[in-house]
Amino acid sequence: MTTTASSAPETYDTPASRVPGVTTGDVLDGRVPDGSPATAWARRKLAYKLVNPANRRKFKIIVVGTGLAGSGAAAALGELGYDVHSFTYHDAPRRAHSVAAQGGINAARARKVDNDSIERFVTDTVKGGDFRGREVDAFRLGEESVRVIDHLNAIGAPFAREYGGALATRSFGGVQVSRTYYTRGQTGQQLQVASAQALLRQVDAGTVTLRTRHEMLDLIIDDGRARGVIMRNLLTGEITSHTADAVVLATGGYGNVFYFSTLAKNSNASAAWRATQRGALFASPSFIQFHPTALPVSSRWQSKTILMSESLRNDGRIWVPLAPGDERAPNDIPEGERDYYLERRYPTFGNLTPRDVASRNASEQITAGRGVGPLKNSVYLDFRDAIARLGAAKIAERYGNLFEMYTHATGEDPYKVPMRIAPGAHFTMGGLWSDYDQMTSIPGLFVGGEAGWGYHGANRLGANSLLSACVDGWFTLPYSIPNYLAPLLGQPRLADDGPAAREALARARSRVDSLLAVDGQHGPTYFHRLLGDILYAGCGVHRTAETLTTAITAIRELRERFWTELRVAGTGDHLNQELERAGRVADYLELAELMCVDALDREESCGAHFRGEHQVDGEAARDDELWAFVSAWEAPGDGTFVRHHEPLSFDAVPLQKRNYR
């Protein structure tokens with residue numbers, strides 16, 4: 001692990017951990033520019049070293065992942081003239097999980113006359129994250145958001161428009177202005193198509209080499225630097241080494257660790273976790289967002305949950321029956337016997353409270369016995385009043401494809417009966433720790449999008465995820481990576497069969513052989529389901545020291561069972577999806593323990609990390625005196641963990657109690 005001297009005060013003292021096996025480590029330097037956070041990005045860009053256009057083709061860059069962050073980074077770096085190699089386990093780059101985002105992408109363009117600005121964007125983002133992210137990162141996000149919308153519009157994203165032709169916007173949770181640009185309820189899909197087309201343009205130009213159906217198994221480290229990756233061809237089973245001058249991981253989040261999540265089933269944590277096993281620090285692993293408008297689990301045997309866009313909360317009203325156990329159909333419950341609990345508790349924001357607040361309140365209603373539906377595990381999202389006010393045609397114009405999706409999934413017509421929604425594991429605010437330049441604690445290893453920890457603190461505001469991925473891919477990494485490469489000009493690149501590459505190759509093959517050799521009686525999905533049960537109960541919307549301690553013990557026991565009872569049919573020299581799943585579940589079983597350790601270690605509530613012992617009137621109670629820092633974890637793999645930390649400071653948005661009432 002590489003760290004530099006921190007600019008934090010020498011007197012900064014973090015609390016010692018009460019968790020067995022956890023020790024405290026170094027103060028990390030995020031390499032944030034001194035001075036005003038509002039001008040930090042402009043000053044940093046001016047200070048970056050440049051690479052002569054004639055020298056760019058001499059540098060090889062590997063980008064793993066083709067979502068919005070990966071496609072953007074690969075396309076931009078290819079356009080600049082670097083030798084870019086892009087990897088994805090999908091059969092085409094456009095199938096990356098960024099397609100699943102529905103509601104929109106934020107930008108502080110202030111085109112509506114509603115008093116929006118970059119400063120308000122920063123305030124909403126920092127406050128929404130409950131002051132557990134870098135303030136200076138939020139400024140970069142807001143500043144580049146203007147360029148992101150203009151760029152995506154230019155490369156073909158079909159944004160919704162007003163009658164006069166201007167791009168349309170709508171509101172989203174956690175804000176009181178209209179800054180979310182959208183393409184009906186399929187914004188992620190349309191942005192991904194546009195970005196993938198930009199990537200394929202560079203493939204056609206010869207600046208990007210694209211390899212589909214390849215999954216990363218390991219990271220090559222040489223002389224303390226990231227020098228390449230080990231990939232497995234998912235069709236043939238061939239495991240190969242690929243070296244480069246820099247590596248970018250843009251491989252998405254780890255929400256699927258919960259089994260029931262809104263993520264595509266192939267989304268996984270393996271690339272980021274492999275980097276952690278090689279020494280990269282993992283930041284805030286317990287900061288998990290539970291989306292308030294997921295569809296409830298209707299059967300234990302379904303494979304995942306389904307997301308309904310948060311944009312629905314613009315016109316839908318959330319409620320439960322006042323009386324616990326009310327069995328009447330929703331349309332038979334009169335207005336006076338309904339509890340619009342978000343409007344009651346948070347009159348200023350109402351149904352547009354941030355996701356962590358909305359999910360926590362829904363969970364409380366369900367736990368109190370006011371849950372609805374066959375399994376009593378959901379709340380209502382009702383469009384009756386909006387349809388009466390605006391007409392069904394206008395609602396269909398705004399959300400028609402979402403209503404169709406709901407009908408296909410449930411057999412119910414949301415134009416006639418309220419939707420049923422429930423909190424579901426969704427976005428991960430935690431991820432690989434990186435400095436202001438998006439470089440991890442391993443020099444040469446960069447991270448983009450949800451695989452990293454940046455921007456969102458302890459809770460992501462809706463429509464900031466597509467934005468952060470695009471900012472990373474198109475407008476941050478193409479600046480910061482050349483700054484890293486410039487001093488390396490003329491230095492030899494590690495050969496694909498160099499000693500470090502051969503070592504990583506042997507390690508990856510050995511791990512595959514170990515998974516195939518267990519020869520037990522249960523497939524990987526069996527263990528994944530059990531792990532999800534443990535995490536929802538122990539490290540879900542509500543956590544306590546007791547539930548987390550129980551979960552850690554249960555995860556360790558399940559991991560032991562996994563390595564003695566796992567059965568993977570087939571071999572490793574051909575297409576074998578059971579082998580793929582086994583490797584991913586093995587990583588989840590290790591990451592899940594760190595998630596619970598991080599949650600148990602952090603003795604406060606903040607954003608989506610809600611510890612039952614730390615609350616005031618049902619709201620999260622932060623401890624800024626002791627915990628105003630980012631936990632960045634070292635996981636040696638021997639059952640112990642080291643908590644490093646980066647202190648957080650707030651100048652433009654002073655520390656304050658979040659209040660959405």
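Trainee: What should I know about the model and its numbering before we start?
Mentor: The model is predicted: local features need pLDDT of at least 70, side-chain atom pairs count only at pLDDT 80 or more, and totals for chains, interfaces and linings use all residues. Residues are numbered from 1 along each chain as its sequence is written, and side-chain values use heavy atoms, with hydrogens and water left out.

Trainee: At what angle do α6 and α16 pack?
Mentor: Helix α6 (residues 270–277) and helix α16 (residues 577–601) pack at about 60°, and their axes are 10 Å apart. Helices here are DSSP runs of H or I with at least four residues, strands are runs of E with at least two, and both are numbered from the N terminus. Axes are lines fitted to C-alpha atoms, for helices over the stretch in contact, and angles run from 0 to 180 degrees between N-to-C directions.

Trainee: How are α6 and α16 therefore described relative to each other?
Mentor: They are therefore oblique to each other. Angles under 35 degrees count as roughly parallel, over 145 as roughly antiparallel, 65 to 115 as roughly perpendicular, and the rest as oblique.

Trainee: Which residues make that contact?
Mentor: From α6 they are Ser270, Trp273, Arg274 and Gln277, and from α16 they are Gly583, Arg584, Asp587, Glu590, Leu591 and Leu594. Contact means heavy atoms within 4.5 Å. By class, the contact of α6 with α16 has three nonpolar, three polar and four charged residues. Ala, Val, Leu, Ile, Met, Phe, Trp, Tyr, Cys and Pro count as nonpolar, Asp, Glu, Lys and Arg as charged, and the others, Gly among them, as polar.

Trainee: And how do the axes of α14 and α16 cross?
Mentor: The axes of helix α14 (residues 524–538) and α16 come within 9 Å and cross at roughly 20°. The two helices are therefore roughly parallel to each other. Among the residues in contact are Phe527, Leu531 and Leu535 of α14 and Val585, Leu589 and Met595 of α16. The contact of α14 with α16 has 11 nonpolar, two polar and two charged residues.

Trainee: Which sheet has mixed pairing?
Mentor: An open sheet of five strands, in the order β1-β23-β22-β12-β18, has mixed pairing. Its edge strands are β1 (22–27) and β18, each of which pairs on one side only. Two strands pair if DSSP finds at least two bridges between them. Strands β22 (residues 629–634) and β23 (residues 641–647) pair in the antiparallel sense over six bridges, and Trp633 stands opposite Arg643 in β23. Helix α16 packs on this sheet, touching β1, β12 (282–283), β22 and β23, and its direction makes about 145° with that of β22.

Trainee: What about the antiparallel sheet: what is the strand order?
Mentor: Its five strands form an open sheet in the order β13-β17-β16-β14-β15. At the edges stand β13 (288–294) and β15 (338–339), each with a single partner strand, so one side of each is left without a neighbour in the sheet. Strand β17 (residues 419–428) pairs with β13 in the antiparallel sense over four bridges. Helix α8 (residues 355–370) lies across β13, β14 (317–321), β15, β16 (379–382) and β17, and runs at about 70° to β13.

Trainee: Changing topic, how many salt bridges does the structure hold?
Mentor: The structure holds 58 salt bridges, where a salt bridge is a side-chain nitrogen of Lys or Arg within 4 Å of a carboxyl oxygen of Asp or Glu. In one of them the side chains of Asp437 and Arg44 meet at 2.7 Å, N to O. This pair links distant parts of the chain, 393 residues apart: Asp437 is in the loop between β18 (431–432) and β19 (445–447), and Arg44 is in helix α1 (residues 40–47).
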